[in-house]
Amino acid sequence: MFEGILVDIPFATFFLGKLKQKYNYLNDLPSLDPELYRHLIFLKHYRGDISELELYFVIVNNEYGEQTEEELLPGGKNILVTNENVITFIHLVSNHRLNFQIRQQSTHFLGGFQQLIRKEWIAMFNEHGLQVFWSTFKFCRLTHFVGNSFRISH
């Protein structure tokens with residue numbers, strides 16, 4: 001509800017995957033961080049010597065105005081990204097952003113979500129179907145489901 005108007009805000013594709021307890025990959029990244037995705041794809045297609053870009057297997061996190069570095073591999077701050085290992089770097093960065101960095105928040109949300117909607121129901125839908133279900137579910141009273149296709153109970 002925003003200023004008295006019911007606004008339908010869809011879940012991002014990567015998050016719908018999380019609701020289905022799926023592992024997210026590079027192609028799910030645009031729905032979370034389109035800029036990071038563009039940069040990683042740029043690296044993938046870079047024709048020059050990637051080592052000249054001075055990238056290392058480290059990610060910089062900005063949380064609450066504080067910057068911290070996290071190694072993507074043990075000793076990552078000393079491992080230069082090269083044309084030979086750039087694909088590994090791309091996958092590690094996208095994995096970190098999609099699966100590791102938001103794991104705690106996703107786990108807590110999923111726990112609460114599954115108290116409202118059982119896992120078996122979520123499993124029936126793909127990501128798009130889950131989005132449609134969620135949009136419909138918000139506008140229905142729980143009693144509409146009783147005696148019809150779904151029963152809200154544990």
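These are my notebook entries on what I looked up in this structure.

**Ground rules**

I am working from a predicted model, where local features need pLDDT of at least 70, side-chain atom pairs count only at pLDDT 80 or more, and totals for chains, interfaces and linings use all residues. Residues are numbered from 1 along each chain as its sequence is written, and side-chain values use heavy atoms, with hydrogens and water left out.

**Overall layout**

I began with the secondary structure. The chain has seven helices and two strands. Here helices (H or I, at least four residues) and strands (E, at least two) are DSSP runs, numbered from the N terminus. From the N terminus on, I read the order as α-α-β-β-α-α-α-α-α.

Next I looked up burial. The chain has 154 residues, and 32% of them count as buried. Buried means under 20% relative accessible area, exposed means over 50%, and partly exposed lies in between (1.4 Å probe, protein chains only).

Then I took the surface. The chain exposes about 10600 Å², and carbon and sulfur atoms supply 55% of that area. The areas come from the Shrake-Rupley method with a 1.4 Å probe; for residues, only the protein chains shown count as cover.

I also checked contacts, meaning heavy atoms within 4.5 Å. Among contacts between residues at least 6 apart in sequence, 58% join residues at least 24 apart.

**Lys18**

I went to helix α1 (residues 13–19), which holds Lys18. Lys18 is buried and has no salt bridge. A salt bridge needs a side-chain nitrogen of Lys or Arg within 4 Å of a carboxyl oxygen of Asp or Glu. Which side chain of opposite charge is nearest to Lys18? I found Asp28, at 8.8 Å. For charge, Lys and Arg count as positive and Asp and Glu as negative; His and the chain ends are not counted.

I did find a polar partner. The side chains of Lys18 and Asn99 make a polar contact at 3.1 Å. That term covers a pair of N or O atoms within 3.5 Å; within protein, one must be able to donate a hydrogen and the other to accept it, and residues adjacent in sequence count only if both atoms are side-chain atoms.

I listed what else Lys18 touches, leaving out residues up to four places away in sequence. Its contacts include Asn24, Leu98, Ile102, Ser106 and Leu110.

**Aromatic rings**

I searched the whole structure and got five aromatic pairs. Phe14 and Phe15 have ring centres 6.1 Å apart and planes at 75 degrees, so I logged the pair as edge-to-face. Rings of Phe, Tyr and Trp (its six-membered ring) pair if their centres lie within 6.5 Å; planes under 30 degrees apart count as stacked, over 60 as edge-to-face and the rest as tilted.

Phe14 is buried at 8% relative accessibility. Phe15 is buried at 15%. Ring pairs link Phe14, Phe15 and Phe109 into a cluster.

**Salt bridges**

How many salt bridges does a search of the whole structure find? I got two. In one, the side chains of Asp33 and Arg97 meet at 3.3 Å, N to O. This pair links distant parts of the chain, 64 residues apart: Asp33 is in the loop between α1 and α2 (34–45), and Arg97 is in helix α3 (residues 86–100). Arg97 is partly exposed at 23% relative accessibility.

I then looked at Glu120, which forms a salt bridge with Arg118; their closest N and O atoms are 3.4 Å apart. Glu120 is partly exposed at 49%, and Arg118 is partly exposed at 30%.

**Gln101**

I found Gln101 in the loop between α3 and α4 (103–116). Gln101 is partly exposed, with a relative accessible area of 24%. Gln101 and Asn61 are 40 residues apart in sequence, yet 9.1 Å apart in space, C-alpha to C-alpha. Their side chains are joined by a polar contact of 2.8 Å. Leaving out residues up to four places away in sequence, Gln101 touches Asn61 and His96.

**The loop between α2 and β1**

Ser51 lies in the loop between α2 and β1 (58–63). Is Ser51 buried or exposed? I noted it as buried, at 17% relative accessible area. Ser51 touches Leu80, Val81, Thr82 and Asn83, again leaving out residues up to four places away in sequence.

Glu54 is in the loop between α2 and β1 too. Glu54 is exposed at 52%. Its phi is near 60 degrees, a positive value in a residue other than glycine.
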